[in-house]
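Subject: Structure handover

Hello,

Here is the structure I promised you. Please open it next to this email and follow along.

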Amino acid sequence: MIWNKAAECADRETMDRIQLKKLQATVKRVYQNVQPYREKMQEAGITPGDIQSLDDLKNLPFTNKTDLRDNYPYGMFSSHLNEIVRVHASSGTTGKPTVVGYTRSDLESWAECVARALTMAGGDRSSVVQVAYGYGLFTGGLGAHGGAEYMGASVIPMSSGNTKKQVMLMRDFKSTILCCTPSYALTIAEAVKKEGISPDEISLRSGVFGAEPWTPEMRTAIEKGLGIKAFDIYGLSEVMGPGVSCSCSEQNGMHIQEDYFIAEIIDPKTGEVLPDGERGELVFTTIGKEGIPLIRYRTHDICYLMRDKCACGRTTVRMSRVLGRSDDMLIIRGVNVFPSQVETVIAKFNELTMNYMLYVGRENNTDTFDMDVELAEGIEIDNIAFIEKLKTRVEHELRTLLGIGCKVKFLSEGTLPRSEGKAVRVKDTRRL
Amino acid sequence: MYIKQISVFLENTTGRLANFTRVLADNDISMKALCIADSDEFGILRCLVDDPEEAKKILQENGYSASITEVIAVEMESKAGGLYKILKVLAAHDMSVDYVYSIVGTRSDERSVIIIKVEDPKKAVDVLTSEGLRLFCLDEIE
């Protein structure tokens with residue numbers, strides 16, 4: 001089932017035409033209404049009239065998160081505050097939050113995109129959608145909620161947390177679709193198991209997960225634990241929220257809603273636009289927003305684009321899963337390390353749960369790198385040699401994959417704090 | 001004739017063992033026997049309790065990784081050669097011993113109980129019984 005065939009299955013020529021028209025309107029709008037953009041464009045010597053083809057997009061300046069922070073809170077809005085009916089902000093862990101605003105039309109566009117995503121996951125009016133993303137300034141909860149309601153599903157606005165209740169209502173209310181972060185989905189799957197409920201006792205058929213990067217190994221664990229098919233939904237509040245893209249039944253990349261967002265991949269160092277298939281930083285230009293349209297916004301997410309034919313029938317460009325953020329990448333003893341790589345190693349061991357914590361520190365002028373990981377329930381505790389050997393094996397696998405050594409310490413299952421939203425997996429005490 | 005022993009994973013942090021004993025106390029669980037095998041960063045605590053399955057469940061609820069292992073409890077004479085008498089039987093039948101710990105009585109007791117972990121408890125029971133040694137069930141041990 002496809003929510004919007006005209007938009008999702010348009011031929012390339014039609015889509016290009018739609019994109020150009022909307023891009024021109026957007027560039028004109030921000031030039032007129034948003035002083036920071038007018039200044040940027042004047043500095044770059046470019047005017048709205050210079051946008052004559054989609055090729056001209058690369059001549060426009062980039063937008064960074066710092067632009068939003070520097071113009072906190074409403075400096076980047078292109079609509080009057082009276083027209084803004086919703087404000088969201090991202091959880092700035094350092095300094096001020098990043099603020100975004102939505103007009104009524106923006107909220108409808110957002111709901112449209114999320115409805116398309118939920119439909120990709122097999123959703124329709126008969127679905128019972130349990131939204132376990134946090135509700136509040138975070139775009140996850142209200143974003144999923146708006147789209148599910150727009151689609152006509154029965155929405156259960158659980159927000160995150162209260163896992164025992166999530167499981168009880170999931171079973172009693174017969175939820176068919178779960179929306180939350182992948183790490184929370186794992187937490188819920190664990191709770192289902194602990195309650196002694198088997199996956200066939202719950203009505204869940206699919207899950208739509210996002211808001212943090214997750215690995216194929218985590219997907220398998222979630223699908224098995226909940227008896228569902230898991231779908232990736234992608235987005236960021238600056239660009240809109242969840243729903244910018246979503247994976248379809250083919251599970252080979254996420255379809256980007258091209259009539260609302262133009263995607264580019266750039267070399268993060270040079271800013272040069274890269275061809276399809278090459279890894280680089282994902283950049284979005286919003287072409288349907290009124291509240292806070294953004295031109296060439298740098299996401300810091302690393303991925304690549306695919307434009308080959310998708311068997312699902314949709315013609316929209318697909319992005320690979322996010323391979324890492326250029327800013328959660330760690331550099332330890334001179335080596336680039338992604339927490340997702342550590343997950344790949346942990347997933348190989350049945351003896352471990354998927355919960356871990358990395359500690360990066362500094363001692364005697366060298367970086368230290370340690371990992372706490374939990375022993376899974378059911379493993380035999382009696383054999384001390386077995387546990388010692390397990391530790392050696394895990395350390396060996398980490399060294400082989402990462403290229404540097406990591407000291408592993410085991411904990412009892414359930415010792416590490418459980419994630420209800422975005423999981424914190426790294427404690428870096430170095431003052432870099 | 002096998003005895004269900006609980007093995008618990010203990011991280012090597014101050015208070016972990018004390019907390020473990022508190023959990024037992026809070027749940028009215030008494031240990032009949034106890035030993036701890038320690039390593040660099042963790043220890044494995046092995047103990048015998050009245051209801052091992054229930055105790056395992058309670059420990060897991062309290063955040064401890066635990067599992068159940070089958071061991072045997074053999075009556076041993078409390079004098080020189082008492083343990084040798086038991087172990088030589090196992091050795092003669094090519095059975096290796098993983099670990100051993102004892103439940104000792106007072107000076108006046110002539111006998112005590114030795115807990116042995118072997119790879120094949122069934123064979124061990126057969127072999128020891130045929131040599132005239134006495135094995136205990138869990139509820140026979142105080």
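In which sense do β10(A) and strand β11 of chain A pair, and over how many bridges? They pair in the antiparallel sense, over 6 bridges. Strand β11 covers residues 280-286 of chain A. One pair to look for is A:Ile265, which stands opposite A:Leu282 in β11(A). Before you go on, note that this is a predicted model.

**Chain A as a whole**

Chain A has 432 residues, and 46% of them count as buried. It holds 11 helices and 21 strands. Now take the contacts in chain A with a separation of 6 or more. Of these, 67% are between residues 24 or more positions apart.

**The sheet around β10(A)**

The pair you began with belongs to an open sheet of 4 strands. The order is β10-β11-β12-β15 in chain A, and the pairing is antiparallel. Which strands sit at the edges? They are β10 (261-266) and β15 (324-325) of chain A. Each of these two pairs on one side only. As background, strands of a sheet pair through backbone hydrogen bonds, either parallel or antiparallel.

Start with A:Pro73. A cis peptide bond joins A:Tyr72 to A:Pro73, with omega at about -5°. A:Pro73 lies in the loop between α4 (65-70) and β1 (84-90) of chain A.

Next, go to A:Lys174. Its phi is positive, about 60°, although A:Lys174 is not a glycine. You will find A:Lys174 in the loop between α7 (163-172) and β5 (177-180) of chain A.

A:Arg296 is in the loop between β11 and β12 (297-303) of chain A.

Is A:Arg296 buried or exposed? A:Arg296 has 20 other C-beta atoms within 10 Å, so it is buried. The cut-off for buried is 20 or more. A:Lys174 has 13 C-beta neighbours inside 10 Å and therefore counts as partly exposed.

**Strand pairs in chain B**

Now switch to chain B. Begin at strand β1, residues 3-11 of chain B. β1(B) pairs with strand β3 (residues 42-49) in the antiparallel sense, over 6 bridges. Find B:Phe9; its bridge partner in β3(B) is B:Ile44.

β1(B) also pairs with β4(B), antiparallel and over 6 bridges. In that pair, B:Val8 stands opposite B:Ala66 in β4(B).

Follow β4(B), residues 66-77, onward. β4(B) and strand β6 (residues 111-118) of chain B run antiparallel, joined by 6 bridges. B:Met76 stands opposite B:Ser112 in β6(B).

One more pair involves β6(B). Strand β5 (residues 97-103) of chain B pairs with β6(B) in the antiparallel sense, over 6 bridges. There, B:Val100 stands opposite B:Ile116 in β6(B).

**Two helices in chain B**

Two packed helices are described by the angle between their axes and the distance between the axes. The crossing of α3(B) past α4(B) is right-handed.

Which residues make the contact? From α3(B) come B:Ile86, B:Val89 and B:Leu90. From α4(B) come B:Ala124, B:Val127 and B:Leu128. By class, the residues of this contact are 6 nonpolar, no polar and no charged.

**Where the chains meet**

Last, look at chains A and B together. The contact takes 14 residues from chain A and 16 residues from chain B. On the chain A side, the elements that give two or more residues are α11 (384-402) and β20 (407-411). The largest share of that side, 3 residues, comes from β20(A).

Best wishes

How values were computed. Residues are numbered from 1 along each chain as its sequence is written. Chains are lettered from A and ligands numbered from 1 in the order in which they are written. This is a predicted model: local features need pLDDT of at least 70, side-chain atom pairs count only at pLDDT 80 or more; totals for chains, interfaces and linings use all residues. Two residues are in contact if their C-beta atoms, placed from the backbone, lie within 7 Å. A crossing is left-handed if the near helix is turned anticlockwise from the far one by less than a right angle, and right-handed if clockwise. Ala, Val, Leu, Ile, Met, Phe, Trp, Tyr, Cys and Pro count as nonpolar, Asp, Glu, Lys and Arg as charged, and the others, Gly among them, as polar. A residue is buried if 20 or more other C-beta atoms lie within 10 Å of its own, exposed if 12 or fewer, and partly exposed in between; C-beta atoms are placed from the backbone. Two strands pair if DSSP finds at least two bridges between them.
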